[in-house]
Amino acid sequence: MASFLLSNPIITSSFLGKNLSINGNIRQSKVCGLVFRSPRCTASDATYGGNIQKYPRSNVWDPYKRLGITTDASEEEVWSSRNFLLDQYGAHERSAESIEAAFEKILMTSFQNRKKTKINLKTRLKKKVEESPPWVQSLLNVVELPETIIILRRLFLFSFMAFWSVMNSAEGGPAFQVALSLFACIYFLNDKSKSVARASVIGFGSLVVGWICGSCLVPMIPAAIWQPSWTLELLTSLVVYVFLFLGCTFLK
């Protein structure tokens, strides 16, 4: 026995749990002591959901059901549900990815539906115009919708003319203000159509139509609504400003 031990000595290590042979062979033995785990392995287990709460609806196919909202939920409700779920399950990587994927899918679907609605609305309007009577089509052919800034600028100009006429009302009416408004209308129309003759015809036409409508409508308004100092000419001029604004803004 002694000769056998001397010829093949064995060193036992309680930390490694293995029997090391002088000849270089490793013999496995049972580990009866404590089991040591690497901190790196523990962190890895936590990353993949070892002690982190997982989202139970991560595998739900319907994005609305995955976020726990209805199909008619508003955009604010979608954002609120997404933020709430990420606060609870954002630490779990797969759960966070599933929540974000459902959120992005709902937003993309909403964007596509809005785009289709706009296209359908334009198609319906175009179809109604095509099915309308000839006189309606002719009327629409001479009407255009300018940019919002242009509408606001011209509205401000004619509103200023109306305010000026009211503040400086005279017995003969605001003839000077009406003349300035007519010239402004012709200038805007000429800048648009590049034709002085066409601009002049439309400008004078708007003035005449406005004056006739004002002369017919103003007497029907009860006198208690306006101040006693306001004359018939002044009120008719206010109607003329409206027609001049419409003529130089929306007519081609």
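User: What is the handedness of the crossing of α7 and α10?

Analyst: In this predicted model, the crossing of α7 and α10 is right-handed. Their axes come within 10 Å and cross at roughly 165°.

User: Why is α7 called roughly antiparallel to α10?

Analyst: Set the angle against the cut-off: α7 and α10 cross at roughly 165°, and angles over 145 degrees count as roughly antiparallel. That is why α7 is roughly antiparallel to α10. On the α7 side the contact is made by I151, R154, L155, F158, M161, A162, S165 and V166, while α10 brings L234, L238, Y241, L244, F245, C248, T249 and F250.

User: How do the residues of the contact of α7 with α10 divide into nonpolar, polar and charged?

Analyst: The division is 13 nonpolar, 2 polar and 1 charged.

User: And what makes α8 and α10 roughly parallel to each other?

Analyst: Here the axes cross at roughly 10° and come within 9 Å. Angles under 35 degrees count as roughly parallel, and α8 and α10 are therefore given that label. From α8, the residues Q177, V178, S181, L182, C185, F188, L189 and K192 meet S237, V240, Y241, L244, G247, C248, T249 and F250 of α10. The residues of this α8 contact with α10 comprise 10 nonpolar, 5 polar and 1 charged.

User: Which residues meet in the packing of α9 with α10?

Analyst: In α9 they are I202, G203, S206, L207, V209, G210, W211, C213, G214 and S215. Across from them in α10 are E233, T236, S237, V239, V240, F243, L244 and G247. By type, the contact of α9 with α10 holds 9 nonpolar, 8 polar and 1 charged.

User: S237 turns up there. How do you know whether S237 is buried or exposed?

Analyst: Buried means under 20% relative accessible area, and S237 is at 2%, so S237 counts as buried. This residue sits in helix α10. Beyond residues up to four places away in sequence, S237 touches P174, V178 and W211.

User: Now I202: what puts I202 on the buried or the exposed side?

Analyst: The relative accessible area of I202 is 16%. With the limit for buried at under 20%, I202 is therefore buried. I202 is found in helix α9. Leaving aside neighbours within four places in sequence, its contacts are L189, G247, L251 and K252. The C-alpha atoms of I202 and G247 are 6.9 Å from each other, though the two residues are 45 apart along the chain.

User: What about K194, buried or exposed?

Analyst: Exposed means over 50%; K194 has a relative accessible area of 64%, so K194 is exposed. K194 lies in the loop between α8 and α9. Its phi is positive, about 60°, although K194 is not a glycine.

User: How many residues does the largest nonpolar core have, and which have the most contacts inside it?

Analyst: It has 19 residues, and those with the most contacts inside it are F158, C185, L189, L207, L244 and C248. At least two residues each come from α7 (148-167), α8 (175-193), α9 (196-217) and α10 (232-250). The most comes from α8, with 7 residues. A separate core has 12 residues, among them L67, I69, V78 and I99.

User: What is L244 in contact with, leaving aside its neighbours within four places in sequence?

Analyst: Those contacts are F158, S181, L182, C185, G203, S206 and L207.

User: To finish, how many helices and strands does the chain have, and what share of its residues count as buried?

Analyst: There are 10 helices and 3 strands, running α-β-β-β-α-α-α-α-α-α-α-α-α from the N terminus. Of the 252 residues of the chain, 26% count as buried.

Methods: Residues numbered from 1 in each chain as written. Predicted model: local features only at pLDDT ≥ 70, side-chain atom pairs only at ≥ 80, totals over all residues. Heavy atoms only, no water. Core = buried A, V, L, I, M, F, W, Y, C linked by side-chain atoms within 4.5 Å. Buried < 20%, exposed > 50% of the residue type's maximum accessible area, 1.4 Å probe, protein only. Helix = DSSP H or I, 4+ residues; strand = E, 2+ residues; numbered from the N terminus. Contact = heavy atoms within 4.5 Å. Axes fitted to C-alpha atoms, helices over the stretch in contact; angles between N-to-C directions. Parallel < 35°, antiparallel > 145°, perpendicular 65-115°, else oblique. Left-handed = near helix turned anticlockwise from the far one by under 90°. Nonpolar A, V, L, I, M, F, W, Y, C, P; charged D, E, K, R; others polar.
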